[in-house]
Amino acid sequence: QVQLVESGGGLVQAGGSLRLSCAVSGRIFGIDAMGWYRQAPGKQRELVAAITHSGSTNYADSVKGRFTISRDNAKNTVYLQMNSLRPEDTAVYSCNARVIVSLLRIGDYWGQGTQVTVSS
């Protein structure tokens, strides 16, 4: 059973920082791409940042220069460092991982989501 467990959300004032973590556990062969998504009330889920196994990254325009995604392949963990937070960053943040479960099976898995609230 593959599980993604997130941590690090919370309440922060505008201009502050938070660091999200997402650890993948279970019997797996490896992990391809990993990413962070967010969904604000009344809005569609959007990609915030993604990172390949080799470390190539891409970001939503709204977070470029403020957020940094990274990963530790030895720990099967992805991080999202969020700086200069704005009220519009308020959302539920969820991590996603493309997991190589076996030689014949690759699947997309999601974490449970963590709330990030930025007060003005």
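Predicted model: local features only at pLDDT ≥ 70, side-chain atom pairs only at ≥ 80, totals over all residues.
Ala50 in S5 is the bridge partner of Gly35. Strand S4 covers residues 30-39 and strand S5 covers residues 46-51; the two run antiparallel and are joined by 5 bridges. The hairpin of S4 and S5 has 6 residues between the strands, and Gly42 takes a positive phi near 80 degrees there.

S5 also pairs with strand S6, residues 57-59, in the antiparallel sense, over 3 bridges. Here Tyr59 in S6 stands opposite Ala49. The hairpin of S5 and S6 has 5 residues between the strands, and in this hairpin Gly55 has a positive phi near 105 degrees.

## The open sheet

An open sheet is formed by 4 strands in the order S1-S3-S8-S7, with antiparallel pairing. Its edge strands are S1 (3-7) and S7 (67-72), each of which pairs on one side only. From one strand to the next, the twist averages 15 degrees.

Strand S7 pairs with strand S8, residues 77-82, through 6 bridges in the antiparallel sense. Within this pair, Leu80 in S8 stands opposite Ile69. Strands of a sheet pair through backbone hydrogen bonds, either parallel or antiparallel.

## Aromatic rings and charges

The structure holds 1 aromatic pair. Charged side chains also lie over rings. The charged end of Arg19 sits over the ring of Tyr79, at 4.1 Å from the ring centre. Arg45 lies over the face of Tyr37, 5.8 Å from the centre of that ring.

Key. Residues numbered from 1 in each chain as written. Heavy atoms only, no water. Pairing = 2+ DSSP bridges. Phe/Tyr/Trp six-rings, centres within 6.5 Å; stacked < 30°, edge-to-face > 60°. Lys NZ or Arg CZ within 6 Å of the ring centre and 35° of its normal. Axes fitted to C-alpha atoms, helices over the stretch in contact; angles between N-to-C directions.
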